[in-house]
Every structure is written in structure tokens, then in C-alpha cells.
Amino acid sequence: MSQFWSPLVHRLTPYVPGEQPKITNLVKLNTNENPYPPSPRAVAAMQAELGKDGATLRLYPDPNADGLKAAIARHFSAFNIAPAQVFVGNGSDEVLAHTFMALLKHEKPILLPDISYSFYPVYCGLYEVEHATIPLGERFEVRVDDYARDNGGIIIANPNAPTGHLLSLVEIERLVAMHPASVVVIDEAYVDFGGETAIALINRYPNLLVIRTLSKSHSLAGLRVGYALGDKVLIEALERVKNSFNSYPIDRIALAGATAAIEDAAYFETTRQAVIKSRGALVAQLEELGFEVLPSGANFIFVRHPQRDAAQLAASLRERKVIVRHFRLPRIEQHLRITIGTDAECQALIDALKEILA
Ligand SMILES: *Cc1c(COP(=O)(O)O)cnc(C)c1O
């Protein structure tokens, strides 16, 4: 607290990111990073951009990121996406931030699930966007009919975080069609691990914005690139905010790496399938140890043990150098969110849990 702080800063409750420990010999299953390295072509493109002496870094990057937008549009050519329907930002967190300011700040409160990505209420605080939370169902499912009320916008993660619950494309379309006068934002940070994308709906619903990231399914959390797809009128609103905030959110290295990563469809497919396969195996092993595992369409699972306290389990895992995410929040304080690692990392988790439960 300080007299120098603005009243708004006094009122903020900032987001607390998952731990990024400085020690290296940990099995890190707490922030949903991809266990595989990024595409070798992306790495080569970034090295080429840097060159021998880094001379191109003297120059500002393309403020409009035209090359990256074109690559994204081409990647989704099956859905007829034009570059003018693409917005890119410094991680999807930044894309989300601009979305709250540009498209979700209206008179009426926006609607979001009571259990969801905890950055959403933080942006509501930052941009003074009123919101109402809609409780998830008994099995932590999003129930589209519960959103049938007046609103200034809707935001849902699909698959949801931290539950992993996936809505079908039919349900997403029902939600978007139900609210033609509101922007409906679908955060698809995890959709590549088992969901059907809502991008197919964009050319039919001018109120739909789909937000995605290269952090999870493209193994580039450290690069900070996210994007949004939607009607060009929605994209124009995001560009207006972006160009009133930071003209160069994507640096030269990130432009080169993200473009190459998007273009390397074969590598993406291999690592994505590997994560999906490991998820299946890990779920089976955890169920054998007595855990209840919610169905997941993501690169993480949400689990509880009926006889063991979740916070204690997380602490015992930590002593054995395995870190998972525990949220001290109503309804989910007995759950753990576990990122899918390599098979070796999953095995280390299972070995540690066997010791703890013995
Ligand atoms: C990880 C995550 C993001 C943020 O991704 P970045 O692109 O790394 O900023 C956005 N939404 C959800 C639901 C996430 O889990």
C-alpha cells in the first residue's frame, strides 16, 4: 500500500502464476507445459533470425506480424480463415487482456464459470468489467443452458481449466447461437489435446472469438505467442487496443519461431499424439492407485484421492521432487491438477505416489 498507488492498483488482486522453480532436477507437472521440445524447424528459424551477430535485432519487428498471421490463416485454410480474421499477441494472456478491454467491457456483467482459468476474474478487476459466475455442474461440467440470461459477454475455456472438461462443438454452437448480441469467447488453450475447435463456426457467427496459444500444444510457453480468430470487426477492436498499448508485442525471434512452428504440422501431430497416449496410460495407473480422475480433453488431468488430503499429497510429492498444482479454492481444494509429462516423468509420479500411499 502506498500513497503513490492509484485507487485501481489498491483494488487489484493480481494473478499468481504456477511456480517456476529455479532447481532443475524436478519432475515439473504443475503448469501444463509440453514435455517435448518445440519443432526443430522452429528452433532453426529462430537461430537463423538471430544470425551470427544478431544484426536484425537492431530493427523493430513487423508491428502487424503479417507473416505470422498469414501462416495461421493458411494453417486453418480448411475453415476459410483470412489474415484479417487473425489477431496475434504476446501469449494468449495478452490476447485475453485486450479482449476484456475491447470486447467484454459493457454495461451488463459478463458470464464465466465459477471454476475456470483464474486469470479471467483478474482481468475483470484490471479493466473494471462486471462479472457473474455460473456454477459448474456436479461433475464439473459446463452446462450451456445455465448461461441463458442477459449478459455483456461470455468467456469459457474449452477444454476447461483446471478440470479438463470438454464441450462438444454442438454445445459450443448452441451457446454462441443463443447469444447473438454478445461476444462469446472460447479459450482453446488445450483444444489440440482432444477437442474439436470452434474455428469451424467463425464464418457463420460474427459474435464468436476463439483464442489459442502456442504455449501448450506447440511447446513454446517460453516464446510468448498467442492468437485470436474471429470476424474482422472483432479483430479490428483488438488491433485498436493493441495499437494503443504496444505496437510490437511479438519480437523478431518470436515471429520467426512461431511461424515455423505453425508450419511444421507433422511435428505438431507427433508430439500431440504422444501426449494424448501418455494421458491414457497415466489415467489407468492413477485409477489403479484409487484416484478418481475426471475425463480430460487437455494435457493435464484433474484428480482426487477419496482417502487422502490433496494439499498433503502435493507436499509429499514435492518432497520427492515431483510438483503438481493444488488450488486452495472452494469446491476444488481436494483436487490436484497434474500435467501430462513424458512417460518417464509420469512413471516418476506413479512411483512417488506408490511410496506415499503405502
Ligand atoms: C495457459 C493458458 C493460457 C495462457 O497461455 P499463454 O499463451 O502462455 O499466455 C490461456 N488460457 C488458459 C485456459 C490457459 O491454461
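Predicted model: local features only at pLDDT ≥ 70, side-chain atom pairs only at ≥ 80, totals over all residues.
Which residues are exposed on the other side of α2? The legends below begin with that helix.

View 1. Residues are numbered from 1 along each chain as its sequence is written, and side-chain values use heavy atoms, with hydrogens and water left out. Helices (H or I, at least four residues) and strands (E, at least two) are DSSP runs, numbered from the N terminus. In helix α2, which spans residues 40-50, the buried residues are A42, M46 and E49. They cover an arc of only 60° around the axis, which puts them on the same side of α2; the arc is that of the directions from the helix axis to the C-beta atoms. On the other side of α2, the exposed residues are P40, R41, Q47 and A48. Here buried means under 20% relative accessible area and exposed over 50%, with partly exposed in between (1.4 Å probe, protein chains only). The buried residues of α2 pack against α8 (252-263), where contact means heavy atoms within 4.5 Å.

**View 2. The two ends of α2.** At the N-terminal end, S39 caps α2, with a side-chain oxygen 3.0 Å from the backbone nitrogen of R41. Such a polar contact is a pair of N or O atoms within 3.5 Å; within protein, one must be able to donate a hydrogen and the other to accept it, and residues adjacent in sequence count only if both atoms are side-chain atoms. Just after α2, G51 takes a positive phi of about 65°.

**View 3. Helix α7 and its surroundings.** Among the buried residues of α7 (residues 232-242) are L234, I235, L238 and V241. The buried residues of this helix pack against α3 (66-75), β2 (86-89), α4 (91-103), β7 (208-213) and β8 (226-230). At the start of α7, a side-chain oxygen of D231 reaches to within 2.9 Å of the backbone nitrogen of V233.

**View 4. The sheet β9-β10-β12.** In this open sheet, 3 strands follow the order β9-β10-β12 with antiparallel pairing, two strands being paired if DSSP finds at least two bridges between them. Because β9 and β12 (336-339) stand at the edges, each with a single partner strand, one side of each is left without a neighbour in the sheet. V293 stands opposite V303 in β10.

**View 5. The loop residue L289.** L289 lies in the loop between α9 (265-288) and β9 (292-293). L289 and K354 are 65 residues apart in sequence, yet 7.5 Å apart in space, C-alpha to C-alpha.
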